[in-house]
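Reader: I would like to learn how to read a model like this one, feature by feature. Where do we begin?

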Amino acid sequence: MFSYTVFAMIEGATGSLRASVSEKLLDLLISGHVPPGRINESELARRIKVSRTPLREALVALESAGFVLSQERGFAIPVLRSIEIRETYPIIASLETLALETAGIPDRTQIQELTRINREFRRVARKPLEALNVDGLFHDILLRGCPNTRLMNLISRQKLLVRRYELLYFRETRFFERSAEQHDEIINFLASRDMARSVAVLKSNWTCALHLLMWSVRD
C-alpha cells in the first residue's frame, strides 16, 4: 500500500477520513482491482466500508491528480493510453537522472543494499505486484542521497501517474530480466565511481520501459 505521506503530498490532505479513503481507493485503482470504465460508487463504497460522501470526496481528490475522470453523474477510470507513456516516462527519466547526479556516488553500505534489493527483484520475477514494489524500493534507495526535496516530490508524483503502466510492464516476464540487468549495470558503475555511465543506464532503464510498453498499450 502507498504510504500516507505520498498521498498527502498529492492532495494536500491532513489526517482526514477523506485522505484515508483516498489512499485505499488509490491502491485499488493502481493494483487493477477496479477496472477501467464507469465507477459503481455504491459497490465501491461497500467494498471500502465507507459511506458515499467520503468516497465522492476521495474521487474528487483523485480526479485532480489525474487518476479518475469526472462524468455526468459520476466518475470513471480512464483506460491505459499510449500518449501518457510517451509524455510521462521521459519526464521521469530526466528527473531521476538529475536526482542521481545530485545525490552523488553512494557509499559501500548503500551499494550493498542495492545489490540485495536487486536479488530480491529477481526472486519475485513472476509476481508482478511484488516486483513492482521491489523495483520502486530499488529506485528509492538509489536516489536516497538526493537532498532536493522538491525534486523528489516531483518524481513521486510522476511515478504515481504511471503506476498502472508499470504493473502492466512487470506482468510481461520477457521485460523483467532486462530491468534486472540494468539494475546490475547501475550498481557496478556506481561501485567503480563512474557516475556518467550510471546516469546513462538509469535513463535507459526508463526509456526501455517506454518503448516496450508502447507495444503493450494499443489505443
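Author: With strand pairing. Two strands pair if DSSP finds at least two bridges between them. In this predicted model, G37 has I77 in strand 3 as its bridge partner. Two bridges join strand 1 to strand 3, residues 74-77, and the two run antiparallel.

Reader: In what order do the three strands of the open sheet lie?

Author: The order is 1-3-2, with antiparallel pairing. Strand 1 (37-38) and strand 2 (69-71) are the edge strands, each pairing on one side only.

Reader: How many helices and strands are there in the protein?

Author: Eleven helices and three strands. From the N terminus, the elements run α-α-β-α-α-β-β-α-α-α-α-α-α-α.

Reader: How far should I trust the coordinates?

Author: Start with the confidence score. Where pLDDT is low, the predicted coordinates should not be read in detail. Here the protein averages a pLDDT of 85, and 89% of the residues score at least 70.

Reader: Where is confidence lowest, and where highest?

Author: Lowest in helix 1 (residues 4-11), with a mean of 42. Highest in helix 6, at 96. Over residues 1-14, pLDDT stays under 50. The model has 31 contacts beyond four places in sequence for that stretch.

Reader: Next, the interior. What share of the residues counts as buried?

Author: The cut-off is under 20% relative accessible area. Of the 219 residues, 46% count as buried. The protein exposes about 11,400 Å², and carbon and sulfur atoms supply 51% of that area.

Reader: Which residues have the most contacts inside the largest nonpolar core?

Author: Y89 and L142, in a core of 44 residues. The elements that give two or more residues to this core are helix 5 (82-103), helix 6 (108-123), helix 7 (128-142), helix 8 (149-161), helix 9 (163-171), helix 10 (173-191) and helix 11 (195-216). Helix 11 gives the most, with eight residues. A second, separate core has 19 residues, including L26, I39, L59 and L62.

Reader: What does Y89 touch, not counting residues up to four places away in sequence?

Author: E84, V162, Y165, E166, W206, A209, L210 and L213. Two of these, Y165 and E166, are among the buried residues of helix 9.

Reader: Why is helix 9 called largely enclosed by the rest of the structure?

Author: Because eight of its nine residues are buried. They are R163, R164, Y165, E166, L167, L168, Y169 and F170.

Reader: How do I read contacts for the whole chain?

Author: Look at the sequence separation. Among contacts between residues at least 6 apart in sequence, 72% join residues at least 24 apart.

Reader: How many disulfides does the structure hold?

Author: A disulfide is a covalent bond between the sulfur atoms of two cysteines. This structure holds zero. C146 is buried, at a relative accessible area of 10%. C208 is partly exposed, at 21%.

Reader: Last, the backbone. Which loop holds K49?

Author: The loop between helix 3 (41-48) and helix 4 (52-64). K49 is exposed, with a relative accessible area of 75%.

Reader: Where is R73 placed?

Author: In the loop between strand 2 and strand 3. R73 is not a glycine, yet its phi is positive, about 60°. R73 counts as exposed, at 78% relative accessibility.

Key: Residues numbered from 1 in each chain as written. Predicted model: local features only at pLDDT ≥ 70, side-chain atom pairs only at ≥ 80, totals over all residues. Heavy atoms only, no water. Core = buried A, V, L, I, M, F, W, Y, C linked by side-chain atoms within 4.5 Å. Buried < 20%, exposed > 50% of the residue type's maximum accessible area, 1.4 Å probe, protein only. Helix = DSSP H or I, 4+ residues; strand = E, 2+ residues; numbered from the N terminus. Contact = heavy atoms within 4.5 Å. Disulfide = S-S within 2.5 Å. Areas by Shrake-Rupley, 256 points an atom, 1.4 Å probe, with all protein chains shown as cover. pLDDT = per-residue confidence, 0-100.
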